[in-house]
Amino acid sequence: MTFLTFPKGFFWGTASSGPQTEGRFEGDGKGENIWDYWYDKEPEKFFNHIGPDKASYNYQYYKEDVQLMKATGHNSFRTSIQWSRLIPEGVGAVNPKAVDFYNSFIDELIANGIEPFINLYHFDMPMALQEKGGWLNRETVDAYVNFAKTCFELFGDRVKYWFTHNEPIVPVEGGYLYNFHYPNEVNMKHAVQVAFYEMLASSLAVKAYHENQDGKIGIILNLTPSYPRDENNPEDVKAAQIADAFFNRSFLDPAIKGEYPADLIALIKELDMVPEHTSKDLQTIKENTIDLLGVNYYQPRRVKAKENPAGKDPQNPMPDDFFDYYDMPNKKMNPYRGWEIYEKGIYDIMINVRDNYGNIPCYISENGMGVEGEERYINANGQIEDDYRIYFIKDHLRYLHQAINEGANCLGYHLWTCMDNWSWCNAYKNRYGLIAVDLDQQGKRTIKKSGYFFKELSDKNGFED
Ligand code: BGP
């Protein structure tokens, strides 16, 4: 047995987001976002027809929730400010009830020794802006920068860790390529424009932050390492590099290096999909890079060379015209979410950031395991015995520890998530929390076995392996 100790001051905690936890309440002044709108229109698209109005009641229970965070060892916690709660129409008037709510929540966290990490955009476009094109419209970039500045002015005296986006590639994939987020378009040219405007918005927010504030600002990216089927097959390797360019380096490079990768630029030119931009925009991206990188890690991407290139539809190009997914035999799976579990991926990401991105300060901003039907693990005391989650965490932390020992500049580990929350179209299908939420009992909370494990992990700043 060895004890794996993490660096002094390591951030232990969890991540969540406003739209997945807060809920909507009569008289709260929140405006409509794409999730509220889509759910009203097509509730059948959401697991068990549960929509964003029925998130985990954090808007009401935040004080109790902060106590539960303390009880589960949090010294830090990430959530997002819902744009449509703070500024209901996306631009214009600020909702005073939202200001009160976020102020009290932030104060409560700090009073309990929990460092707030605040993200600005977690897939939640205000509907008034989506009606005008959302991220396809340059006006949204200006509106976002105004929202970001408003947040910095209102909360920047106390919040010292800010993030411009969570997983900006997801609105691109979900909304404009693979049809799992509103507006459900399949249009790669639009996808590229959306990605560019999200990135530009991020850089402009970084600029605004650095002009007036003294904390750190970064971006949170879901990095899915691309592994070729056969490392000795150059065609597989090339296919994996292309997937990496589209889905990882498309944000990683401009966010940290201030430039898009040359191979991605060449591909986008070949596709004749260069987004609308000015040379000043590129200068803005160049000059306003992040201070801190958040890494969400769930699964790798296994890739092989395209088997049937003739199958391409020239009218409707897609990123996966350039590679095929490889279904590796005997991989370890989370069957509920359908994602591969590959713990070493966390190490590979850290080493990549160390070697190719100047070893910028980073932290694991999400990692976790969603499981369906956890009620079957409830013991006689009413506690969910989620040993699988404890193993999952330890198995990843072991590799993270190794990367840190080898020089990775990793400052913390946040699990997804604190308490079971609303997961977009999956609603409450898969539960990720350290704390169970009973929707049939007005969101009653019960700490799971993993919650007690996490407390000990944080108190001891490591674990016996
Ligand atoms: C990440 C998102 C989170 C969260 C998590 C779990 O991609 O940042 O918002 O939802 O994944 O995934 P899912 O909810 O799809 O199961």
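A contact here means heavy atoms within 4.5 Å. Keep that in mind for the last stop. The model on screen is predicted.

**Whole protein.** Start with everything selected. The C-alpha atoms fill a box of roughly 60 × 55 × 45 Å along the principal axes. A compact globule of 465 residues would have a radius of gyration near 23 Å, and the 21 Å of this protein agrees with that.

Switch to cartoon. The protein has 15 helices and 17 strands. Take contacts between residues at least 6 apart in sequence: 78% of them join residues at least 24 apart.

**Surface.** The accessible area is about 18,300 Å². Carbon and sulfur atoms account for 48% of that area. Of the 465 residues, 60% count as buried.

**Charges.** Colour the charged side chains. There are 48 positive and 68 negative ones. The centres of the two sets lie 2 Å apart.

**Strand 13.** Hide the surface and select residues 362-366, which form strand 13. E366 is in this strand. UniProt, in an unreviewed entry, places the feature "active site" at E366.

Is E366 buried or exposed? It counts as buried, because its relative accessibility is 4% and the cut-off for buried is under 20%.

**Around E366.** Which residues does E366 touch, leaving aside those up to four places away in sequence? Select these in turn:

- A15, R78 and H122
- N166 and E167
- V295, N296, Y297 and Y298
- H414 and W416

Definitions and conventions
Residues are numbered from 1 along each chain as its sequence is written. This is a predicted model: local features need pLDDT of at least 70, side-chain atom pairs count only at pLDDT 80 or more; totals for chains, interfaces and linings use all residues. Side-chain values use heavy atoms; hydrogens and water are left out. Helices (H or I, at least four residues) and strands (E, at least two) are DSSP runs, numbered from the N terminus. The radius of gyration is taken over C-alpha atoms; the globule rule is 2.2 Å times the number of residues to the power 0.38. Buried means under 20% relative accessible area, exposed over 50%, partly exposed in between (1.4 Å probe, protein chains only). Accessible areas come from the Shrake-Rupley method with a 1.4 Å probe; for residues, only the protein chains shown count as cover. Lys and Arg count as positive and Asp and Glu as negative; His and the chain ends are not counted. The place of a charge is taken as NZ of Lys, CZ of Arg, CG of Asp or CD of Glu. UniProt positions are given in the numbering used here, feature names are shortened, and annotations may be inferred rather than shown by experiment.
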